[in-house]
Amino acid sequence: MQGNNGFTGRVPMTCEEFALACLEARSASEDSALRQAVLEHSRKCPHCAALQVNLQTLQDDLRYVGLETKDAEAPSRVQMRVMQEFRTKHRTAKARRFALIGSWGLAAAAVVVAVVSWTNWRHANGLSVFPGRAGTEQTAKVDTNGPSDGQSAAGALVVGDTLVASSASGDFTLLPGSTPSPMEDATVVRVQMQRGALGALGFTVNEEHASDLIQVDLLVGDDGLPQAVRLPETVE
Amino acid sequence: MPIETDDRDDVLLRRSAKGDQDAFALLYRKYQAPLYRFALRMTGQSWAAEEIVQEVFLIVIREPRKFDPNRGTLGGFLYGVARNRVMKHLERSPRDLPLTEETDDGFSPDTLASKEMTPVEWAELHERRARVRAAVLDLPVEFREAVVLCELEEMSYEEAASTLDCPVGTIRSRLHRGRALLLAKLEMLREVPRRVHAGQ
């Protein structure tokens with residue numbers, strides 16, 4: 001039988017086996033047969049007995065050295081530094097999470113405000129809030145053909161993105177980019193112009209009749225700029 | 001939820017990673033002392049041991065996902081990190097080994113001196129232990145680890161093998177070789193210990 005220490009089990013053991021058994025201190029202390037063989041060899045061999053004494057001394061010294069630092073532990077300043085780092089890391093992470101949530105919240109609020117403002121602006125300008133739904137109506141245009149075909153633009157008020165002037169109801173249609181102002185500050189001016197000039201005011205014009213002369217009522221603000229337009233019933 | 005002291009390490013680590021300061025404090029209290037002793041005994045310098053313990057726990061704070069419970073225990077992982085830091089420290093200052101005792105290096109040589117000793121005996125003992133410490137610190141790292149864990153920290157072979165992530169046989173042979181090297185280094189002391197032993 002040969003253990004981890006190389007001892008073959010035969011008695012007496014050799015000096016080499018003795019040295020191995022001594023260096024393998026734990027096995028020697030656990031195995032009674034091995035311990036007996038070690039004791040017997042040390043009685044017969046003074047050199048190995050000296051080795052055993054030295055090994056025992058070394059074991060004792062190592063144990064003492066171990067005991068010297070048995071209760072050693074990291075100073076409290078290490079714990080303070082580590083705990084501070086822990087708090088900093090997790091506080092920063094929490095703050096970053098709050099900042100992220102906050103910024104998303106603000107962005108969502110900004111989008112909501114923008115949508116509401118846009119909707120209100122569309123309502124205020126008499127335009128459809130859902131341009132897509134007016135797809136079929138977008139073909140409706142200002143009928144500025146005048147009396148030539150006996151038709152007027154009566155009834156065509158707001159159709160999708162196309163600006164349509166009213167002539168039947170007597171209402172003015174706001175020009176793009178102008179804001180309604182009190183009527184007492186405005187003046188209605190009737191002018192004669194070529195139908196094509198309505199295009200410059202943002203209206204869709206039938207190109208075939210662009211050169212026709214028509215009469216147009218302009219609502220001129222106190223700044224002298226036209227704010228709205230209306231097609232009177234009679235066109236000269 | 002209150003923390004139970006018998007909570008498993010991986011549970012504590014998970015809670016710590018989520019910002020639970022109590023869980024982290026428990027982990028720190030559980031492992032700081034053995035890690036500090038290991039680093040102190042491997043480097044022989046208290047300032048280095050402090051730094052190493054701090055770095056180990058900073059990794060626990062910053063990169064808790066580095067620990068995989070399927071690969072071993074948290075203790076083994078922390079010892080592994082500490083070992084790496086010890087190696088780096090030794091590479092940086094391989095010859096910076098204290099050959100004499102310093103009162104502020106974490107060792108307390110006076111605590112084990114018997115009051116019944118004569119001044120000469122105390123001086124001999126004092127000197128011998130200082131040389132044993134120096135001899136341990138002068139061992140090659142792999143043998144030093146085995147000696148530190150099995151002799152100084154009094155771990156079993158199995159615990160040391162788990163800590164160093166190597167087979168038990170490797171620990172056994174390293175310890176065996178480490179003892180032989182120590183014996184060779186301290187051979188000059190043969191007469192002194194014998195005298196001291198005889199006197200005790």
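Guide: A residue counts as buried if 20 or more other C-beta atoms lie within 10 Å of its own, as exposed if 12 or fewer do, and as partly exposed in between. What follows is about a predicted model.

Visitor: How does Asp165(B) count, buried, exposed or partly exposed?
Guide: Asp165(B) lies in the loop between H7 and helix H8 (168-185) of chain B. Its phi is near 55 degrees, a positive value in a residue other than glycine. Because Asp165(B) has 14 C-beta neighbours inside 10 Å, it counts as partly exposed.

Visitor: In which loop is Glu154(B) found?
Guide: Most residues other than glycine have a negative phi. Glu154(B) has a positive phi of about 55 degrees although it is not a glycine. With 14 C-beta neighbours inside 10 Å, this residue counts as partly exposed. The place of Glu154(B) is the loop between H6 and H7 of chain B.

Visitor: At roughly what angle do the axes of helix H6 and helix H7 of chain B cross, and what is the word for such an arrangement?
Guide: The axes of H6 (residues 141-152) and H7 (residues 157-164) of chain B come within 9 Å and cross at roughly 135 degrees. An angle over 145 degrees would count as roughly antiparallel, and 65 to 115 as roughly perpendicular, with the rest above that range counted as oblique. The angle therefore makes H6(B) to H7(B) oblique.

Visitor: What is the hand of the crossing of H6(B) and H7(B), and how do the residues of their contact divide by class?
Guide: The crossing of H6(B) and H7(B) is right-handed. The contact is made by Glu145(B), Ala146(B), Leu149(B) and Cys150(B) of H6(B), together with Tyr157(B), Ala160(B), Thr163(B) and Leu164(B) of H7(B). By class, these residues divide into 6 nonpolar, 1 polar and 1 charged.

Visitor: How do helix H3 and helix H4 of chain B pack, and which classes of residue make the contact?
Guide: H3 (residues 46-62) and H4 (residues 74-92) of chain B pack at an angle of about 135 degrees, with their axes 9 Å apart, and that makes H3(B) oblique to H4(B). Their crossing is right-handed. H3(B) brings Ala48(B), Ile52(B), Glu55(B), Val56(B) and Ile59(B) to the contact, while H4(B) brings Leu78(B), Val81(B), Ala82(B), Arg85(B), Val86(B) and His89(B). The classes in this contact are 8 nonpolar, 1 polar and 2 charged residues.

Visitor: Turning to chain A, in what order do its elements run?
Guide: Chain A holds 5 helices and 6 strands, and of its 236 residues, 23% count as buried. Of its contacts with a separation of 6 or more, 49% are between residues 24 or more positions apart. From the N terminus on, the elements run α-α-α-α-α-β-β-β-β-β-β.

Visitor: Is the crossing of H1(A) and H3(A) left-handed or right-handed?
Guide: The axes of helix H1 (residues 15-23) and helix H3 (residues 32-44) of chain A come within 10 Å and cross at roughly 125 degrees, and the two helices are therefore oblique to each other. Phe18(A), Ala21(A) and Cys22(A) of H1(A) make the contact with Leu34(A), Val38(A) and His41(A) of H3(A). By class, the residues of this contact are 5 nonpolar, 1 polar and no charged. The crossing itself is left-handed.

Visitor: Which residue of S5(A) stands opposite Met193(A)?
Guide: Strand S4 (residues 187-194) of chain A is hardly covered, for the count of buried residues among its 8 residues is 0. S4(A) pairs with strand S5 (residues 213-220) of chain A in the antiparallel sense over 8 bridges. The residue in S5(A) opposite Met193(A) is Ile214(A).

Visitor: Which element supplies the largest share of the side of chain A that touches chain B?
Guide: In all, 28 residues of chain A are in contact with 43 residues of chain B. Helix H4 (46-68) and helix H5 (76-124) of chain A each supply at least two residues of the side that touches chain B. By class, that side of chain A has 14 nonpolar, 7 polar and 7 charged residues. Its largest share, 12 residues, comes from H4(A).

Technical notes:
Residues are numbered from 1 along each chain as its sequence is written. Chains are lettered from A and ligands numbered from 1 in the order in which they are written. This is a predicted model: local features need pLDDT of at least 70, side-chain atom pairs count only at pLDDT 80 or more; totals for chains, interfaces and linings use all residues. Axes are lines fitted to C-alpha atoms, for helices over the stretch in contact, and angles run from 0 to 180 degrees between N-to-C directions. Helices (H or I, at least four residues) and strands (E, at least two) are DSSP runs, numbered from the N terminus. Angles under 35 degrees count as roughly parallel, over 145 as roughly antiparallel, 65 to 115 as roughly perpendicular and the rest as oblique. A crossing is left-handed if the near helix is turned anticlockwise from the far one by less than a right angle, and right-handed if clockwise. Two residues are in contact if their C-beta atoms, placed from the backbone, lie within 7 Å. Ala, Val, Leu, Ile, Met, Phe, Trp, Tyr, Cys and Pro count as nonpolar, Asp, Glu, Lys and Arg as charged, and the others, Gly among them, as polar. Two strands pair if DSSP finds at least two bridges between them.
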